[in-house]
Amino acid sequence: MAFYRVEFDGREIAPGIADRFDISLNEIWMSEKLQPYEKYVLHHELQEIKHRPYFDLEELKQVKGIGKQRFQILQAECWCL
């Protein structure tokens, strides 16, 4: 598990779980199990941060294979949607 709270383009960006773990601004956290893959995880998180401000929620709803129930799970558990 890895998550963050950062400021990018003047906007604070963080998944909902960042509140649960009280992550401070400009921090990226990851579980110990991911440490052997740290550079890959950091690359992934930085790419996600880079694209999140421009993320279109309506576009996600149109992705084939993401039904209404799956979308609600993603919204509640995974992303700051």
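Predicted model: local features only at pLDDT ≥ 70, side-chain atom pairs only at ≥ 80, totals over all residues.
Residues are numbered from 1 along each chain as its sequence is written. Local features need pLDDT of at least 70, side-chain atom pairs count only at pLDDT 80 or more, totals for chains, interfaces and linings use all residues, and side-chain values use heavy atoms, with hydrogens and water left out.

Start at methionine 1. It sits in the segment before strand E1 (2–8); strands (E, at least two residues) and helices (H or I, at least four) are DSSP runs, numbered from the N terminus. Methionine 1 has 53% relative accessibility, so it counts as exposed. Exposed means over 50% relative accessible area, buried under 20%, and partly exposed in between (1.4 Å probe, protein chains only).

Now go to helix H2, residues 38–51. How far apart are its end C-alpha atoms? They are 20 Å apart, which agrees with the 20 Å that 14 residues should span at 1.5 Å a residue. The expected span is 1.5 Å times one less than the number of residues.

Look at the sides of H2. Val41, Glu45 and Ile49 are buried. They cover an arc of only 70 degrees around the axis, so they lie on the same side of H2. The arc is that of the directions from the helix axis to the C-beta atoms. On the other side, Lys39, Tyr40 and His43 are exposed.

What do the buried residues of H2 pack against? Their partners are E1, strand E2 (11–13) and strand E3 (27–30). Strand E2 holds isoleucine 13. Isoleucine 13 counts as buried because its relative accessibility is 3%.

Technical notes: Contact = heavy atoms within 4.5 Å.
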